[in-house]
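Work through the exercises below with the structure open beside you. Try each task before reading its solution.

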Amino acid sequence: MNLRMLLATTGLALFAGPALAQDMNFNRIASFPVAANTPDAEETSAEIIVATGDGMTLVYSDSPAGVIGFIDITDPANPVAAGVFALPNGEPTAVSALGNTVFVAENTSESFTNPSGVLHAIDAGSRDVLASCDLGGQPDSTAVAPDGSFITVAIENERDEDLGDGRVPQMPAGHLVIQPLGENGAMDCAAQIRVDLTGLADIAPEDPEPEFVDVNANGDIVVTMQENNHMVVVSSAGEVLSHFSAGEVTLNGVDTEEEGALIFDQTITVPREPDGVQWIDTDHFAIANEGDMDGGSRGFTVFHRNGTEVFEAGTDFEYANVEIGHYPEKRSGNKGVEPEGMEFATFGGVPMMFLLSERSSIVGVYDMSNPAQPVLAQLLPSGISPEGAIAIPSRNILATANEYDARGDGGAPAHVMIYEYQNAPAVYPHLTSAGIDELTGWGAISGQVMAEDGTLYAVSDSFYALQPTIFHIDVSQTPARIVDAIHVTREGQPAQLMDMEGIALDGEGGFWVASEGRSDRLVPHAIYHIGADGAIEDYIALPNELLAVEQRFGFEGITRVDDMLYMAVQREWRDDPENHVKVLGYNLETEAWSVAHYPLTEASTGWVGLSEIVAHGDDLYFLERDNQLGDAAMTKLITRVSMDQMAGMVALGETPPVLTKEIVVDLLPYLTSTGGFVLDKVEGLAIAEDGTMWVSTDNDGVDDHSGETMLFAISAQ
């Protein structure tokens, strides 16, 4: 199912902010796993990315694999692996392009104290090395002058974070290289200029550590020195034109604790310590304030080249990420969303900055028509940890390189993602808390239920252990909007030792919630009765017959039919036959338990289990999924079982009958409809009175996850 079909089917014309131009928006059209270029590599990454002059080939650096990779985007919606170039002695740290010539900065350092590096010019077609120039140190980033007259390289000579408490100074000092270029990018190594940047910064002036560079239309170079918290502007001849401290920012209302709750109530003052930098015009540039040694202000700043602060984002960018469920709670004690990379280009006459959040895996698209008043126009979902981006305005294309390979932890591989500037609605985000009275973070959406008025209630799971919450969602808006956050409490305090995975209405304004147990963490398997205000009023513990055979993977959904509660158990418990899981019944009047077996699809890789159960009409509907993602995902299904079969459920201890299921929807086409890879955890299902099915995914609290949450509707089947 393509994007146009999904929009027509589900009404997902989803949007994060004001349009960049009338009806023009960026939408993701493809995702390329970089392991397709290096299938034998244990770990891969996509870090810095560029495009050849014709815009038909993307080139990215892959440090773990020691290569630069090529992607054929003749058809950008169907990227094709185009091979790699293996570096001879070290690792690539940056890549730039001029026409068909690709420049690769190679780190060949023997140690932190003996850094070295080489700049290679490579023909993108033949993959021949045209020239190689010594850089005199360890390179970090590169940038080609817009007129093609030179390439500049930031020589960081990075510090050893395990030495001297990881602080500068740590010699030798870094510097800036200006390498003149001839026709077709030819390099004359003898003409190279090395610019001394010592003595400029207030912090460790003897040890400048240049991080990122960019060149404006006049050939002026701007350099960030992250650990030094300093900015330098250098001419093409190597003259320092201006320099100044990047300064510090006071942030009010930030989350600084990694306690399993989203609480934005702290005030901090931190140095900016910028990483990425981009010229907006010949007088202004923006910096991404990632932070490294002491700082990181979670946003970006626009400076005039003379050091005048023109704009400070403060918490605005981070808050925008919070509202769409992309806030990385486990980075609260560090640097929050960590804006790192940047790109700048003009699309349709609008100057745009693309701000990459390393930890929330979001691309913020800003209209920079007025550098003093940037306007956030869109938030785009990226792969895990976007590091670099390249804009190709001539083809209305944006691509991001996402560096984190999570395969070792059962997650997604590193990806390059491709977006198109389209005359179409913005498709992401699918869910937001924007517009609610106070800043409301959310994530790890699990079970959900449809109310009679057509709104949804959804629960977050144990990732937010100190803030269990029921979210009230208005799905009539685009994107769907959280209109209330009901915090679950026990005796007035946030309820603990819960893992809410399913929710049902009690018919009296309250809820029945299924909590998945985890005995090794003292989390009980239980059913909780929760009032409309979130207070736990009662609970139902499992009987001994079930506790004797329980496993970690327990309740993953609950639904109510009159006086009966039905619960789906995710995976086999100790007394279940292979590929059969329990569907449990509990009679609220008689307090009797009953059981049947649901037959799972056999897994080709990993495991298959249940993630949700919903009663609608004469049937029970289930979410059945494997634990695979991307190309490995095979089973993501909505199935149903007729209610008359449930009359055959038996008492605990008897042999459960095996239910006969019917496949209703294969979810794989929906999960790939927005250009991303298939997400693992399809966990929420709710069905409206007219049969419309609402499906959601769990983003794992943005922990080793891109943070992307899908919430979409499927017409009645």
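**Exercise 1. A helix and its cover**

What covers the buried residues of α2?

Solution. The model is a predicted one.
Step 1. Find helix α2, which runs over residues 316-323.
Step 2. Pick out its buried residues: Phe317, Glu318, Ala320, Asn321 and Val322.
Step 3. Look for what lies over them. The cover includes the strands β18 (248-254), β24 (339-347), β25 (350-357), β26 and β27 (375-381).

**Exercise 2. A tyrosine in one of the covering strands**

Decide whether Tyr366 is buried or exposed, and list what it touches.

Solution. 
Step 1. Apply the cut-off. A residue is buried if its relative accessible area is under 20%. Tyr366 has 5% relative accessibility, so it counts as buried.
Step 2. List the contacts, leaving out residues up to four places away in sequence. Tyr366 touches Phe300, Phe317, Pro351, Met352, Met353, Leu355, Pro374, Val375, Leu376 and Ala377.
Step 3. Connect this with Exercise 1. Phe317, one of the residues that Tyr366 touches, is among the buried residues of α2.
Step 4. Compare with a residue elsewhere in the chain. From Tyr366 to Val658 the C-alpha distance is 55 Å, and the two are 292 residues apart in sequence.

**Exercise 3. A glutamate in another covering strand**

Find out how Glu340 is placed and which residues it is in contact with.

Solution. 
Step 1. Glu340 is part of strand β24.
Step 2. Its relative accessibility is 7%, so Glu340 counts as buried.
Step 3. Beyond four places in sequence, Glu340 contacts Asp275, Gly276, Ala288, Glu290, Leu356, Glu358, Pro386, Glu387 and Glu403.
Step 4. Check a distance. Glu340 and Phe300 are 40 residues apart in sequence, while their C-alpha atoms are 9.3 Å apart.

**Exercise 4. A serine in a strand**

Which residues is Ser594 in contact with, leaving aside its neighbours within four places in sequence?

Solution. 
Step 1. Ser594 is in strand β45, residues 593-599.
Step 2. Its relative accessible area is 13%, so Ser594 is buried.
Step 3. The contacts of Ser594 are Met564, Val583, Leu584, Gly585, Met649, Val650 and Ala651.

**Exercise 5. The whole chain**

How many helices and strands does the protein have, and why can it be called as compact as a globular protein of that length?

Solution. 
Step 1. The secondary structure consists of four helices and 53 strands.
Step 2. The radius of gyration is 27 Å, close to the 27 Å that the globule rule gives for 717 residues, so the protein is as compact as a globular protein of that length.
Step 3. Along the principal axes, the C-alpha atoms fill a box of roughly 90 × 50 × 50 Å.
Step 4. Of the 717 residues, 63% are buried.
Step 5. The protein has 29 positive and 112 negative side chains, and the centres of these two sets are 4 Å apart.

**Exercise 6. Confidence**

Where does pLDDT stay under 50?

Solution. 
Step 1. Start with the whole protein: mean pLDDT is 95, and 97% of the residues reach 70 or more.
Step 2. Over residues 1-19, pLDDT stays under 50.
Step 3. Where pLDDT is low, the predicted coordinates should not be read in detail.

Technical notes
Residues are numbered from 1 along each chain as its sequence is written. This is a predicted model: local features need pLDDT of at least 70, side-chain atom pairs count only at pLDDT 80 or more; totals for chains, interfaces and linings use all residues. Side-chain values use heavy atoms; hydrogens and water are left out. Helices (H or I, at least four residues) and strands (E, at least two) are DSSP runs, numbered from the N terminus. The radius of gyration is taken over C-alpha atoms; the globule rule is 2.2 Å times the number of residues to the power 0.38. Buried means under 20% relative accessible area, exposed over 50%, partly exposed in between (1.4 Å probe, protein chains only). Lys and Arg count as positive and Asp and Glu as negative; His and the chain ends are not counted. The place of a charge is taken as NZ of Lys, CZ of Arg, CG of Asp or CD of Glu. pLDDT is the predictor's confidence in each residue, from 0 to 100. Contact means heavy atoms within 4.5 Å.
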